[in-house]
Amino acid sequence: MPLKILLRAARYVAAAALLAAAAAVPAQTTEFALANGMRVIVREDHRAPTVVSMVWYRAGSMDEVNGSTGVAHVLEHMMFKGTKSVGPGEFSRMIAAAGGRDNAFTSRDHTGYFQQLEKSQLPLALRLEADRMANLVLTEEEFAREIKVVMEERRWRTEDRAQSLVHEQLMATAYTAHPYRHPVIGWMDDLRNMRFEDAKRWYDSWYAPNNAVLVVVGDVDPQAVRELAERYFGPIPPRALPERKPQVEPAQRGTKRVTVKAPAELPVTLLAWHVPVLRDPERDWEPYALEMLAAVLNGNPAARLNRTLVRERRIAIGVGASYDSTKRGPGLFLLSGTPAEGHTAAELEAALRGEIERVAREGVTEEELRRVKAQVVAGQVFQRDSIMAQAMEIGGLEMAGLSWRTIDRQLERLREVTAAQVQEVARRYFGDDGLTVATLDPQPLDRRKPAALPPGVRHGS
Amino acid sequence: MARRVARVRLVAAAWLLAAAMPALAILPIQSWQAKSGARVVFVQTRNLPMLDVSVEFPAGSAFNAREKAGLAAFTQRLLQLGAGGLSDDDIARRIADVGAQLGGGLDNDRAGISFRTLTSAAELEQTLDVAARVLQRPDFPPPVIERERARLLGAIRESLTRPETLLGRAFSAAIYGDHPYGVPSSGELDTVAKLTREELVDFHRRQYVADRAVVSLIGDITRDQAEAIAERLTGTLPRAGTPLAVPPVTPPAAARQQAIEHPATQAHVVMGLPVLSRDDPDFFPLVVGNHILGGGGFASRINEEVRQKRGLAYSAYSSLAAYRRPGPFAIGLQTQKEQAGEALAVVRETLARFLAEGPTDKELADAKQNLVGGFPLRIDSNRKILDFLAVIGFYGLPLTYLEDYVVRVQQVSTADIRDAFARRVDPARMATVIVGADPASVR
């Protein structure tokens with residue numbers, strides 16, 4: 001900890017609202033803005049005497065520049081290192097001593113901080129969170145220690161995991177210009193050369209109330225939350241934010257392939273196509289159809305990829321499909337799989353593509369669509385069992401520039417998707433020219449030889 | 001700063017007694033024995049139209065013979081892949097068609113299934129129909145066995161390339177020796193290769209018996225419905241008539257250290273021994289002490305010493321798992337391999353100091369405030385409560401376990417913790433395993 005959740009988007013981000021007909025108690029959600037531009041969204045959920053408080057900053061790794069990759073996440077770590085009035089590490093200790101849990105997460109799109117508490121402790125969370133929005137103390141000494149922790153995190157999360165390396169290379173290959181090509185945790189060499197001034201600059205640039213959204217979900221009164229938010233966050237002055245360049249990804253002109261050799265037993269194949277994401281919940285239709293396509297392929301245990309490739313043809317021991325319609329940057333539709341013994345990555349790639357081609361050619365059945373929609377309807381009821389999940393959904397949408405107010409409408413739009421629309425997106429976006437393929441070529445474990453360091457690199461820092 | 005902290009603590013202390021207790025009183029647990037012999041544990045909640053259920057048996061990996069390693073897990077895995085005349089596809093479709101979720105789990109002691117469904121009549125009925133077949137009439141179709149065996153063997157081979165797996169397997173073997181808790185739950189390549197359908201059928205018949213089943217339910221149903229559901233899920237299972245014993249654990253007699261080479265950039269380190277059983281007389285001093293030592297995240301000593309003060313690791317912790325027989329106490333971390341010796345020394349020193357001095361009064365007060373004050377967080381969703389119900393039912397804990405937990409945590413003293421750790425956490429009997437370090441760098 002701060003245990004970064006490298007946000008892999010929930011499949012049904014859009015399917016998360018409550019269905020008024022199904023849920024016994026409709027959720028009350030209130031939104032208001034402070035004079036300094038900070039927005040506050042409060043969802044009442046009175047099932048238990050608890051609350052989750054989250055501050056989301058619209059600054060993630062996509063806002064980094066070359067040479068400083070990973071700084072968004074490094075700053076997330078540094079946010080626990082103290083302010084003018086709270087000592088290093090004290091933030092978490094005070095939350096813990098109040099019976100709470102706290103953590104944070106950084107993604108390509110945003111950075112978020114949260115506390116889960118008994119409801120009477122909400123003022124503590126807001127006071128501490130406001131304090132570190134304005135008064136963070138960054139010292140060279142704390143930075144020097146923490147950057148070592150982050151490098152250990154990268155070793156643990158990426159360097160020593162073949163599957164992570166191949167995913168990292170997929171992203172770095174699928175995107176040429178857009179900063180989604182960089183890993184959230186940053187390239188190792190950028191971490192080695194990061195300075196405390198880089199973190200300070202990041203904090204000064206992006207940690208302003210007018211770049212933040214406070215989301216509170218739980219057994220709270222919105223008026224009381226408003227008073228607390230005004231008391232603690234209200235005095236923090238707004239700041240001009242850096243210009244955000246669009247960095248539009250140029251059209252891909254042919255299949256890209258990358259191979260990763262790393263110690264492992266089984267190959268892995270990842271396929272990615274550039275697809276649209278949701279910008280206008282009312283007018284767009286393709287993102288909803290792509291969500292449905294991903295669900296028909298892999299949204300439940302009866303879905304196509306598992307049925308045909310794992311159970312019937314047995315050419316894979318595992319398969320996946322994912323698409324996230326809710327993000328600030330450009331979209332990707334991913335298919336993945338591990339070939340079964342006696343089958344190659346190339347065979348599996350052909351089979352995965354064959355499943356998309358089959359949808360493009362023959363469409364999907366009404367039965368499949370009905371099944372996926374049943375998951376959507378049930379999923380929104382189930383999601384209300386967790387206040388954390390509700391807060392994550394609201395914040396994630398807001399960071400992507402989509403209001404929580406569109407949740408119900410998005411759900412309706414999802415349920416209106418037709419088989420013809422699913423077929424149409426399968427035809428439109430899955431050609432050779434926009435495809436990137438990353439393959440893990442497993443290497444035998446040579447136990448005697450440690451992994452070689454790149455030339456000229458010293459270990460540690 | 002000191003003033004600020006003091007004020008927070010006062011507020012928290014006042015609230016502990018006022019707010020935590022009423023929160024618990026709103027969780028009335030009902031329990032009874034079904035006609036089938038199964039124990040039922042039930043909480044009715046009316047605010048969401050959904051139901052969570054788990055059905056568990058003493059069918060965990062402790063009930064594998066060593067030469068049949070993986071049998072318990074493979075049996076559990078196959079339950080929902082063909083049952084009562086429904087194929088794996090039929091089962092998947094019927095569950096998905098009503099938006100339900102069907103899963104399951106296995107640990108040292110327990111194995112079974114769990115499901116989540118809407119409580120509208122048609123959805124509930126279809127989910128229950130499938131769950132009843134899966135539990136009571138698994139078919140173990142031969143072609144599915146072969147397919148799943150191939151997938152499992154592939155997954156085991158892959159996992160054996162990963163330092164975490166090598167570490168976990170070596171550690172379990174080191175601290176449990178021949179005890180079944182030391183056998184890897186997924187099995188070994190050679191044992192999984194030889195499992196037969198007859199063994200799966202037989203394991204299900206012997207272990208998935210009605211009078212050892214625990215049915216846990218939470219959701220928007222009545223007591224009458226809960227009674228009928230428990231009966232329906234277990235009514236046609238055989239009865240065993242006798243309770244089942246897990247052999248006692250003999251902790252290692254001496255300390256030992258094992259180094260396994262690996263090309264990863266980090267060394268993975270774990271040290272520990274078997275400590276905590278479910279009915280342990282030292283349960284609360286050990287749990288609270290572990291929280292202070294390394295279980296409480298940033299607020300704990302190991303994290304402070306290894307990560308916050310020295311930047312040696314991203315993750316550094318101690319953990320304590322409770323089973324029927326003593327589960328592992330373990331201290332773990334990962335660090336770049338050249339630092340493994342240094343990190344291990346820091347951990348040993350931190351543990352030695354904790355054992356010698358025990359926690360401070362302030363550490364204990366903070367831990368209590370976290371465990372007691374945070375109690376509402378542990379029961380603020382149906383899913384979290386279901387897990388508690390399953391443990392209460394399986395280990396025969398009192399229905400007042402949750403209320404008792406708060407009281408018992410508050411009763412723990414620094415002397416209790418020092419005493420319990422001194423008797424139970426003996427470094428002279430601990431096993432240490434290091435994967436990926438240069439053996440010369442760790443002594």
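Trainee: What should I know before reading the numbers?

Mentor: Residues are numbered from 1 along each chain as its sequence is written, and chains are lettered from A in the order in which they are written. In this predicted model, local features need pLDDT of at least 70, side-chain atom pairs count only at pLDDT 80 or more, totals for chains, interfaces and linings use all residues, and side-chain values use heavy atoms, without hydrogens and water.

Trainee: How many residues does the contact take from chain B and from chain A?

Mentor: Contact means heavy atoms within 4.5 Å. Here 79 residues come from chain B and 81 residues from chain A.

Trainee: How much area do the chains bury between them?

Mentor: Buried area is the accessible area (1.4 Å probe) that two parts lose on being put together, summed over both. For chain B and chain A the figure is about 6,900 Å², 56% of it on carbon and sulfur atoms. In chain B, Pro263(B), Tyr314(B) and Leu377(B) lose the most area to chain A.

Trainee: How many salt bridges cross the interface?

Mentor: A salt bridge puts a side-chain nitrogen of Lys or Arg within 4 Å of a carboxyl oxygen of Asp or Glu. The rule finds nine across this interface. One of them joins Arg371(A) and Asp97(B), at 2.7 Å, N to O.

Trainee: Which residues line the second largest cavity?

Mentor: A cavity is a set of points on a 1 Å grid over the protein atoms alone where a 1.4 Å probe fits but cannot get out; lining residues have an atom within 4 Å of a point. The lining includes Ala295(A), Asn300(A), Glu368(A) and Arg371(A).

Notes:
1 Å grid on protein atoms, 1.4 Å probe; cavity = no way out; pocket = protein on both sides within 12 Å on 5 of 7 lines; lining within 4 Å.
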